[in-house]
Amino acid sequence: MASTRRDWMVRTLTAGAVPLLGALGRHALAQAPAPQVVKLVAQRFHYTPSEFRVKPGEVILEITSLDFVHGFNIPDLKLRSDLPPGRVTQLRFTVDKPGEYDFLCDNFCGDQHEEMAGRMIVSAT
Amino acid sequence: MKRYQRRDLLKLAAIGGGAAYFAALGGCAAPSSPMGMQARAGAAKDYDDFYFVQLSDSHWGFSGPPNPDAANTLRKAVATVNALEHPPEFIVFTGDLTHTTDDPGERRKRMAGFRDIVSALKVKQVRFMPGEHDAALDRGAAFKEFFGETFYSFDHKGVHFIALDNVSDPGAKIGDEQLAWMKADLAKRPKDSPIVVLTHRPLFDLVPKWDWATRDGAQAIDILMQYPKVTVFYGHIHQEHHHMTGHIAHHSAKSLIFPLPAPGSQPARTPLPWDPAQPNRGLGFREIEAEPDVANYKIQELGVTRA
């Protein structure tokens, strides 16, 4: 009898838990913030925009170079990529710590290459 | 006997505060004390020492407010070097001989102009290296036409010199091929050979957000770390700077066009403002007194003084 009663309890709990967990999972998915998408254009000798803000979390940068294989480098995140012109280069990363993150073109692109830089500001507000 | 006289003169100058004295021996690379230099002077023997001059970052062709006298600065530097009491055994230019231009014809015109001016140097041997302003937009094609290979090695009185090219690739990479060449070149030497590496950009991450780095510089340093007597002289940052990676000392040189701010000291690496009262402020070159037997390199910074 004990075994039967235990089986009944397990079946009952399982039957109740599955939909409950499913609901929680759907709720959790519904609450997960979508990645923040920022579009940038790279062109001798600047990025547009040269400064942008994001909240802590997942970020997707979509960068289009118009005229050169510029580079995009955020040294403090050890994140970099070449930016071949004619297509969108996507950089996906997570940044949790608020602060200012400088970025620069690290492929020498001409006379004012040294000025091709910008800043990403990560702020919870 | 002449070289002893010069060494003694430099020791005296160093004691007076005019020079820094660096060693590449087993991690001991701090400037030595005047007492130490006096001790060495007393123990002088027949060292086959010599001295050479490093010039860097002349950016011939540049014009703009950071140096309204840009058309004359290089000529003044040449005149200053020619006025040295003892001529160096050779001179090395560590890159950015010319200021960049998109126009291949203008690039060659600037290189020809630079070459004409420095041809007045009264020194037997002048060696050239590219900076990114010379070489990054055409992967060194114009530079090679005027000055030869962008990387090479040579020996001088017991010191093995390696000129590394970290600029012809616009991404500031030395590249696997050149790293393999350097590794093979070094493998031919005894491990304890005095080695001097000449390059344009810092091999280490000085200020990556200012592009003061070499993308694969860590790989070069890993190779060099296997040799106990290595010293690096470079340019790019337009100022004197000294840094250690392990036992390897890295010394950057002043420019001959305009000074840049101290590493990471402000948001952007904008040139320091030109001072009409001191038009050559922050510009200069250096003498390097090499003592191969002990892998010591005494650096004396000199300003551009001649008209």
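Me: Is B:Ala112 buried, partly exposed or exposed?

Reply: Count neighbours: a residue is buried if 20 or more other C-beta atoms lie within 10 Å of its own, exposed if 12 or fewer, and partly exposed in between, with C-beta atoms placed from the backbone. B:Ala112 has 15 other C-beta atoms within 10 Å, so B:Ala112 is partly exposed. A word on the source: this is a predicted model, where local features need pLDDT of at least 70, side-chain atom pairs count only at pLDDT 80 or more, and totals for chains, interfaces and linings use all residues. Residues are numbered from 1 along each chain as its sequence is written, while chains are lettered from A and ligands numbered from 1 in the order in which they are written.

Me: Which helix does B:Ala112 lie in?

Reply: Helices (H or I, at least four residues) and strands (E, at least two) are DSSP runs, numbered from the N terminus. B:Ala112 lies in helix H4 of chain B. That helix covers residues 104-118, 15 residues in total, and reaches 21 Å from its first C-alpha to its last, close to the expected 21 Å. The expected span is 1.5 Å times one less than the number of residues.

Me: Which residues of H4(B) are buried?

Reply: They are B:Arg107, B:Arg110, B:Met111, B:Phe114 and B:Val118. Seen down the axis of H4(B), these buried residues fall within an arc of 100°, so they line one face of the helix. The arc is taken over the directions from the helix axis to the C-beta atoms. On the other side of H4(B), B:Gly105 and B:Asp116 are exposed.

Me: How many residues does the largest nonpolar core have?

Reply: In soluble globular proteins, nonpolar side chains tend to be buried together. A nonpolar core is a set of buried Ala, Val, Leu, Ile, Met, Phe, Trp, Tyr and Cys residues joined through C-beta atoms within 7 Å. The largest here has 81 residues, and those with the most contacts inside it are B:Ala77, B:Leu164, B:Val197, B:Leu198 and B:Val232. Leaving out residues up to four places away in sequence, B:Ala77 touches B:Leu55, B:Leu256, B:Phe285 and B:Val304. A second, separate core of six residues includes B:Trp210, B:Trp212, B:Ala213 and B:Leu260.

Me: What about whole chains: how many helices and strands does chain B have?

Reply: Chain B has eight helices and twelve strands, and 47% of its 307 residues are buried. Chain A comes to one helix and nine strands, with 22% of its 125 residues counted as buried.

Me: How many residues of chain B are in contact with chain A?

Reply: 13 residues of chain B are in contact with ten residues of chain A.

Methods
Two residues are in contact if their C-beta atoms, placed from the backbone, lie within 7 Å.
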